[in-house]
Amino acid sequence: MDLGPHAGFIVAAYAAAAIIVSALVFWVVIDYRGLERSIAKLEARGAKRRSDR
Amino acid sequence: MPLSELANPHRFLRLVRVLIPALAMLALVLIGLGLVQGFRAPADYQQGEMVRVMYIHVPSAWIALAAYTLMAIASLGTLVWRHPLADVAAKAAAPIGAAFCLLCLVTGALWGRPMWGAYWVWDPRLTSVLVLFLLYLGVIALWRAIDDPGRAAKAAAILTLVGFINVPIVKFSVEWWSSLHQGASVFRLDGPSIHPSLLQPLLISAAGFVALFFALHLAAMRNEILRRRLRTLGILAAAEAEAR
């Protein structure tokens, strides 16, 4: 596909979109895994909220 | 399901387990379809091939404004109705809204260089979107500056509501002041002024961005609920260790 004389700008815009969206997805996934790990570690040590008892 | 039922974090976490993958899949399909149609559509008579940038620039601008509006409504929920998930929703939306706002600014700059001859001009629309981005950063910084989630929620809610004045400024800046940026071409009283061959992929792509935003927002809300659970567990564990 011929994107014309400004192809570099179009490709750069889509690359920026891919980077920013990937960073967001990466952030929520890594954050989730880290939180689950930390909670499991505390619960394994016997920590429980009153509502969970 | 009434909103009050979602006040129970356990019920909310069960619901998002189904909703997040469904919304992510929907986003993938819609954005893919929108972009395929968008790249098959004819080039614009003025912008030429640069019109392809519209399929990511315009939806990211809409999401940046909608996310801030959601934060303002959630802030009212925090301050007025004291809904337990309101501040969670507001806090989770801020980094996502900021990212889409940044994407809007970056893609706008990349479109501006070949079309206007400059990456940046201090135009009312561009400047007000930059202010929106700075407001997002301010709200995020405020959340991080205060340890107690309850106090942070109130302070962030006030800042968010004060900053909401900028949302109509962004929207109407192209009408109120002389602007290099083009005026509204989709949401107009006399109907869209874009040719249907370009409008249809834009709307499909925008629907995909909306699904993507909600998938990310629900995931970030789930993380925030877990973060608070972790904080409570940490405090209880420390208290128990001290009592022994």
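Which residues have the most contacts inside the largest nonpolar core? The close-ups below begin with that core. This is a predicted model, in which local features need pLDDT of at least 70, side-chain atom pairs count only at pLDDT 80 or more, and totals for chains, interfaces and linings use all residues. Residues are numbered from 1 along each chain as its sequence is written, while chains are lettered from A and ligands numbered from 1 in the order in which they are written.

**View 1. The largest nonpolar core has 76 residues.** B:Ala64 and B:Ala67 are the residues with the most contacts inside this core. (A nonpolar core is a set of buried Ala, Val, Leu, Ile, Met, Phe, Trp, Tyr and Cys residues joined through C-beta atoms within 7 Å.) Helix H3(B) gives the most to the core, with 19 residues. (Helices are DSSP runs of H or I, at least four residues, numbered from the N terminus.) Among the other elements that give two or more residues are H1 (7–44) of chain A and H4 (124–145) of chain B.

**View 2. Here are the contacts of B:Ala67.** Leaving aside neighbours within four places in sequence, B:Ala67 is in contact with B:Ala93, B:Ile96, B:Gly97, B:Phe100 and B:Phe213. (Two residues are in contact if their C-beta atoms, placed from the backbone, lie within 7 Å.)

**View 3. B:Ala206 sits in helix H7 (residues 196–243) of chain B.** B:Ala206 is buried, with 21 other C-beta atoms within 10 Å. (Buried means 20 or more other C-beta atoms within 10 Å of the residue's own.) Not counting residues up to four places away in sequence, B:Ala206 touches B:Val58, B:Pro59 and B:Trp62. B:Ala206 and B:Pro59 are 147 residues apart in sequence, yet 4.8 Å apart in space, C-alpha to C-alpha.

**View 4. Helices H2 (residues 54–81) and H6 (residues 166–176) of chain B pack at an angle of about 155°.** Their axes, lines fitted to C-alpha atoms over the stretch in contact, are 10 Å apart. H2(B) and H6(B) are therefore roughly antiparallel, a term for angles over 145 degrees, on a scale from 0 to 180 degrees between N-to-C directions. B:Leu65, B:Tyr68 and B:Thr69 of H2(B) meet B:Val167, B:Val170 and B:Lys171 of H6(B).

**View 5. Chain B meets chain A through 31 residues from chain B and 24 residues from chain A.** On the side of chain B that touches chain A, H7(B) gives the most, with 14 residues.

Definitions and conventions
Angles under 35 degrees count as roughly parallel, over 145 as roughly antiparallel, 65 to 115 as roughly perpendicular and the rest as oblique. A residue is buried if 20 or more other C-beta atoms lie within 10 Å of its own, exposed if 12 or fewer, and partly exposed in between; C-beta atoms are placed from the backbone.
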